[in-house]
Every structure is written in C-alpha cells, then in structure tokens.
Amino acid sequence: IACQNVTISDKLSANVAMVLENGQPKKPVGKVTDKSGQKIGTYNQDGTITLPATELNKKEFTLRAPVYEDGTIKWVFPLGYKLEANYTYTVTANVDVTETAFKNYRTNNGYPDTNIADAGTGTHENKKGLFSNDNENAKLIYTVTGESKSKDVLYQKPVVQLTPSKLTIKKTVTGLDKTALAKLKENLKFKVTYTYTDETTTEKEISFKDFTLSDGTYSYTSDTLDCWSMNATYKVEETDYNVEAYDRTDSGNTTVTGDFKGKNQNEIASFTNNYQHKNVTVTIKKEVTGNMSQTSDKFTFDVMNPNNLTDSDKSFELSADNTDGKTISIPYGSDFTIRETPSNGYTLTKVNGEDVNDNSYTIEKVTQNTTIIFTNTKTIQPPNGIITTIAPYAIMVVLAAGAGVYFVSSRRRR
C-alpha cells in the first residue's frame with residue numbers, strides 16, 4: 001500500500017504573505033531527504049527534482065517545482081509516483097507577517113488564547129501566536145494505491161509571532177531650580193497617538209515623572225509605547241509644560257511627528273525645554289493736586305526691596321508730566337517696597353487712590369505687571385481778606401476802645 005497522485009496544498013492565512021523578490025513572490029523550493037537527512041536526487045535549475053528509481057518506484061521520476069498561486073503554495077507530484085516511506089518531502093517558502101497580522105493582534109489585545117501552535121511546527125511550537133496558514137485548506141491530498149477516491153490530511157498548525165516597533169521619548173530641560181523641576185515632573189504629560197492605515201488609532205499618556213535621567217537627558221522607553229504595526233504614524237504632544245514663575249525661552253515644538261515603516265523600527269521623539277525665571281514689571285507714576293502743585297516738580301523714589309536692582313532702578317526722580325512713569329523689572333513673586341521723598345511743600349496723600357500716612361508702600365509677592373500711582377498735594381491758603389478766626393476782631397475792638405479814651409481826654413484839656 002502506498003500513496004500516489006499526491007498534492008501538497010498550503011493556503012496562506014491573511015497573517016502572512018510571500019516575500020517578494022524583484023517585485024514578485026519568491027518561488028517556493030522543494031526538497032526530498034532520506035531518514036538521515038541527506039538530500040535525494042538531482043536538483044535542477046528550474047526547481048525540479050529528479051529522483052532515482054527505487055524498489056517502490058521502478059523508474060526515475062522528475063518532480064515539478066512547487067509553485068505559489070492564488071495565495072496557495074502547491075506541490076503537485078507526477079501521476080504514478082508513490083511516496084517513499086523513508087523519504088521526507090519538504091516545501092520551503094519565505095513568508096513574512098502582514099499588517100493584517102498586526103491589526104489582528106491589536107484587535108485581540110494580544111494573541112488569542114486558542115491560537116497555539118501544534119507540536120513539531122518549528123520555532124513557536126506549543127506557543128501562542130497567529131496562524132500562518134488557512135487551516136481548512138492546508139492539507140495533503142493523495143490516493144491510496146488500489147483505491148479511486150482521494151483522501152485529505154490536514155497539516156499541523158504553525159504560528160507566527162510579531163515584533164513591535166519601539167518609540168523612545170527624550171526630554172532635555174534647562175533653567176529650572178530643584179523645586180520648579182519637581183513641579184514640572186509632576187505636571188508634564190506626553191500624549192502619544194498612533195494612527196494606522198485603517199484610520200484607527202491608539203492613544204497613550206506618559207508622565208514625565210516616569211522618565212529616567214542619564215547624561216543630562218531624560219528618556220522613556222517601555223513596552224507601554226510598543227507600536228503593533230508595520231505602517232503607522234505617531235504624534236507625541238507635550239501638555240502642561242508651563243512652570244509658575246518661569247518662561248520658556250526656546251522656540252522648540254511641543255509636538256513631534258513621525259512614522260514607522262516596516263517591522264521592528266525604532267523611533268525617537270526628542271523635546272528640549274529651556275526655561276528662565278520670569279520677570280514682572282512695576283510701573284511708578286506721579287499725580288499732583290492742589291493750587292500750588294506743578295506737574296514739572298520732581299519727586300525722589302528709592303526702591304528698598306528687591307535689593308538686587310540696577311542703580312538707576314534703585315533710586316530715581318519722577319515728575320507728573322512724565323506720563324509714562326518709571327518701569328522696573330523684578331523677579332516674579334518678589335516683594336516690592338518703595339519710598340517717596342516728597343518735593344518741597346508737598347504731602348503724600350494717596351497711593352493707588354487709597355489714603356496713606358506713610359511715605360513707604362509695599363506689595364507682597366508680585367506675580368503680574370503692576371502700576372503704583374503716588375498722589376501728592378500742595379496747597380496754600382490765598383490772602384483774600386476773608387478771615388474766619390476771632391483774633392482780628394478782638395484787635396479792632398481794642399483799637400476802638402483806645403481811640404475813645406483818647407478822644408475823651410482831649411476834650412477835658414480844652
């Protein structure tokens with residue numbers, strides 16, 4: 001009893017495709033070996049194999065080359081050729097995984113629990129993966145000698161396993177003190193979006209506090225950022241990167257984009273943030289009131305705090321006709337104290353519209369641009385003859401009485 005009229009048929013699943021050579025599927029190759037693994041026959045340039053006559057096959061047979069067509073690998077043996085019991089007939093085809101395989105992985109969030117390779121199927125035997133053939137159409141078709149009806153035997157089920165592409169995020173930060181850097185680590189997030197050819201997306205969010213520091217650069221590499229695709233774009237966006245009391249001085253982008261082309265690609269999304277301590281401005285302005293005031297009169301101001309200002313900002317003169325005032329830049333969050341020395345005859349009466357009794361004025365923790373308006377008054381009562389005190393009248397009465405006494409005295413003498 002022997003098997004004859006043999007056809008080996010292996011229909012590939014959508015998870016794999018033939019490797020291309022010069023734009024065409026690379027041809028499958030047949031091989032026949034004996035029980036010791038040694039090749040049998042003559043291997044011809046056209047892919048055929050000429051096998052010598054044996055006790056079972058009384059004459060020489062030439063096996064046609066395996067072919068790939070319509071998604072199926074086939075090896076059709078010559079009519080009348082009987083499979084030798086001690087021979088192994090092997091078809092080797094170079095296949096690679098497809099984007100469909102990656103999509104199936106993404107859809108199932110991994111390998112399905114039921115997709116386990118059969119024993120004896122190679123590298124991934126007894127492991128989970130994605131089936132590489134269409135199991136219902138991967139079979140050996142043959143006829144037993146003496147019978148007319150053909151029989152089918154299904155092949156064992158091999159699987160393929162996938163390797164994801166990797167994305168690394170790198171971040172360089174300068175200009176922050178220890179406290180500000182700690183705040184940035186707590187708040188800064190990276191939103192990662194992968195977009196696939198079928199327009200579906202995968203989104204992930206990474207916190208800066210999970211990065212590691214090496215040689216002055218923070219980086220994040222993790223399975224969390226694995227991209228299960230051979231043809232995807234990525235976009236990495238920084239969010240919540242502002243730090244109180246600091247300005248970003250770089251013109252760098254807060255979004256990095258790129259793409260994965262092919263399997264097992266490694267991409268890097270790099271960000272650089274340069275910070276400097278933010279300054280705010282305090283503008284001093286003058287107003288004068290009263291009938292003796294003049295807008296050209298100058299007033300001296302001394303800034304007591306902060307104390308690290310330039311000399312021209314520490315002490316200066318200002319008049320009301322300078323409508324722009326004096327603007328001073330100070331570190332964000334600083335306390336600001338200023339003292340005015342009024343011009344001769346002036347009294348400081350208001351600061352920012354509120355009555356004051358002191359020539360000094362303080363604002364604590366200045367966090368925004370601020371204007372301080374000093375209002376001084378200079379008034380002199382004009383001599384208009386209208387006097388509201390009793391003294392002048394008392395003097396007039398005394399004078400009148402004196403005049404009366406003098407008049408009486410003069411008449412007696414006469």
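Me: What volume does the largest pocket have, and what counts as a pocket here?
Reply: This is a predicted model, where local features need pLDDT of at least 70, side-chain atom pairs count only at pLDDT 80 or more, and totals for chains, interfaces and linings use all residues. Residues are numbered from 1 along each chain as its sequence is written, and side-chain values use heavy atoms, without hydrogens and water. A pocket is an open set of points on a 1 Å grid over the protein atoms alone where a 1.4 Å probe fits, with protein on both sides within 12 Å along at least five of seven lines. Taking volume as the space filled by probe spheres set on the points, the largest pocket holds about 890 Å³.

Me: Which strand gives the largest share of that pocket's lining?
Reply: Lining residues have an atom within 4 Å of a point, and strands are DSSP runs of E, at least two residues long. β1, β11, β14, β15 and β16 each supply at least two lining residues. The largest share, five residues, comes from β11.

Me: Why is one side of β19 and of β24 left without a neighbour in the sheet?
Reply: Strands pair if DSSP finds at least two bridges between them. The open antiparallel sheet runs β19-β18-β22-β24. β19 and β24 stand at its edges, so each has a single partner strand.

Conventions
Helices (H or I, at least four residues) and strands (E, at least two) are DSSP runs, numbered from the N terminus.
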